[in-house]
Amino acid sequence: MQFIDLNKQYLRYKERIDGAISASLSSSSFILGKEVNTLESRLAEYVGCKYCLTVANGTDALHIAEIAMGIDSNCNVILPSYTWVSTAETIEMLGAEIRFADIDKETFNIDPEHVKKLLDANTKLIIGVSIFGQTCELEELQKIADQAQINFLEDGAQSFGAMIGNIKSCSYADISTTSFFPSKPLGCYGDGGAIFTNNVEIYNKCKLLARHGQDDNKVFQIAGFNSRLDAIQAAVLNVKLDYIDEEIQLRQDVASFYKDKFSAHTDEIIVPHIKNNMISAYAQYTIQFLDSGLPEFVKKYLHESGIPSVTYYTPPVHMHPAYSKHSSTLNVTEKLSSRTLSLPFHPFMTQEEVEFISSSVIKALELFTE
Ligand SMILES: Cc1ncc(COP(=O)(O)O)c(C=O)c1O
């Protein structure tokens, strides 16, 4: 069994994906060009945002967006520690002070109340990560940033296709980024990423940065990056984008199969808490155990039964040597990081697979308490 079965998805769209790759090869247009332009317009339209710039990966998307927002060693940036390292790494690389904020104990997303406490006159940016596919509190975080007259960035690497009310992930913050890493909700067949904004000046700055700092007249205005999405990856994404809404719906179905199966075990397991007005892209299906000894025990039992599972962000970013100088007391983050387990999850899982995985988890629980 695969943790995320990308082959099953490929086989479903094989004819169209093979056709799109083959057409790209025949055109011999490998860098930028029609597929990339089409994808950028379609992505912007899909999320409901004016501008989209594709780049080489989600880490570059963050890095470039942060430079465009003027992040440097003279400021501090508030972000969660419960995230993939890229969110913190790019800020560290820019020399800014990192202020790690704690997370909500139900959603794993950054806690706006803690963000307010960390703000000071030197804060230039708040980053909310839409973790495991559920958007962070976009409206509340943007409001906090607006009041402080600073910027808000949504790291939507895990949440493309997710919604909060009528708002799509990657459309609302001053600037948003995503990743097209293969296992993400919208993944390509290599590395890829994108930046979204409604602000033309920020868009132009990001574009300049991502293209070696070179303007349309071939003049190098600033030092920049070589950060482009390959045309072949854009061709793959142009096919996959047609199916994202259907896949998001299928993800809701798989999540509700899991929820049903665990419904008799709410004393031991907390299933993902998706807020009323939210639709998660379920990049991961992450359960919490009330007993901190359970994740490792269950993981081992699942492994022996041929079921892969992963514990994410243990330890969280602020506990790694590269980031420990940014001292932080993050009670919820530290507690949750030793309590979770992510189970196999993708849109094309069958009820039988969910049944097998969940009954194996429940069996492990029984063995643990014996
Ligand atoms: C929250 C988050 N931010 C950023 C990234 C970086 O994306 P990429 O791997 O495309 O650089 C990831 C990828 O795992 C992520 O999960």
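Author: What follows describes the contact between the domains, then the ligand surroundings and the salt bridges.

The model is predicted. Its protein chain is divided into domain 1, which covers 6–100 + 108–242, and domain 2, which covers 244–369. The C-alpha centres of domain 1 and domain 2 are 25 Å apart.

How many residues of each domain are in contact with the other? Domain 1 contributes 39 residues, and these touch 40 residues of domain 2. The size of an interface is often given as the accessible area lost when the parts come together. For domain 1 and domain 2 the area buried between them is about 3200 Å², and 58% of it is on carbon and sulfur atoms.

The polar side of this interface can be counted as well. Between domain 1 and domain 2 there are 21 residue pairs in polar contact, with both residues at pLDDT 80 or more. The elements α1 (6–27), α4 (86–93), β3 (97–101) and β6 (163–164) each supply at least two residues of the side of domain 1 that touches domain 2. Helix α1 gives the largest share of that side, four residues. By residue class, the side of domain 1 that touches domain 2 has 20 nonpolar, 11 polar and eight charged residues.

Four salt bridges are counted between domain 1 and domain 2. A salt bridge also joins the side chains of Glu-246 and Arg-12, at 3.6 Å from N to O. The structure as a whole holds 13 salt bridges. Another of its pairs is Lys-14 with Asp-18, whose side chains meet at 2.7 Å, N to O. Both Lys-14 and Asp-18 lie in helix α1, four residues apart, about one turn of the helix.

Lys-184 has a polar side-chain atom 2.7 Å from an oxygen atom of the ligand. For Gln-158, a polar side-chain atom lies 2.9 Å from an oxygen atom of the ligand.

Methods:
Residues are numbered from 1 along each chain as its sequence is written. This is a predicted model: local features need pLDDT of at least 70, side-chain atom pairs count only at pLDDT 80 or more; totals for chains, interfaces and linings use all residues. Side-chain values use heavy atoms; hydrogens and water are left out. Domain bounds come from an automatic or database domain assignment. Contact means heavy atoms within 4.5 Å. Buried area is the accessible area (1.4 Å probe) that two parts lose on being put together, summed over both. A polar contact is a pair of N or O atoms within 3.5 Å; within protein, one must be able to donate a hydrogen and the other to accept it, and residues adjacent in sequence count only if both atoms are side-chain atoms. Ala, Val, Leu, Ile, Met, Phe, Trp, Tyr, Cys and Pro count as nonpolar, Asp, Glu, Lys and Arg as charged, and the others, Gly among them, as polar.
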